[in-house]
Amino acid sequence: MKIDWASIGSVFGVSLAFTVGLVVLFTLGVNGLARREKAAAEGGSATLAVTGAYVCFAACAAAVAYGILLIVSKS
């Protein structure tokens, strides 16, 4: 039995990069919602921050849905 270590390393690297990217995207969304709370406390509006937060959350949901689609289509 021969193990292809290069392929395992490649899969590990890609999955690590996408995981970190997804966490960063979700964090940006939470940060956008926090800015809305701060702006509301100060009497302002943070429309751009809220819109960005919703875009980040939608991108996270799309990435998760695509991953599930990849898993389901292989079986």
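A residue counts as buried when its relative accessible area is under 20%. Keep that cut-off in mind as we go through this predicted model, starting with its cysteines.

Cys60 has a relative accessibility of 8%, so it lands in the buried class. Cys56 is buried too, with a relative accessible area of 11%. A disulfide is a covalent bond between the sulfur atoms of two cysteines. To be called one here, a pair of cysteine sulfur atoms has to lie within 2.5 Å. For Cys56, the nearest cysteine sulfur is that of Cys60, 6.9 Å away, so Cys56 is in no disulfide. Searching the whole structure gives zero disulfides.

The largest pocket holds about 190 Å³. Two elements each give two or more residues to its lining: α1, which spans 5-42, and α2, which spans 47-74. Of these, α1 supplies the largest share, with seven residues. If you want to pick out the lining on the model, look for Ser15, Phe18, Thr19, Gly21, Leu22, Val23 and Leu25, along with Ala63, Tyr66, Gly67 and Leu70.

Definitions and conventions: Residues numbered from 1 in each chain as written. Predicted model: local features only at pLDDT ≥ 70, side-chain atom pairs only at ≥ 80, totals over all residues. Heavy atoms only, no water. 1 Å grid on protein atoms, 1.4 Å probe; cavity = no way out; pocket = protein on both sides within 12 Å on 5 of 7 lines; lining within 4 Å. Points joined across faces, edges and corners; volume = space filled by probe spheres on them. Helix = DSSP H or I, 4+ residues; strand = E, 2+ residues; numbered from the N terminus. Buried < 20%, exposed > 50% of the residue type's maximum accessible area, 1.4 Å probe, protein only.
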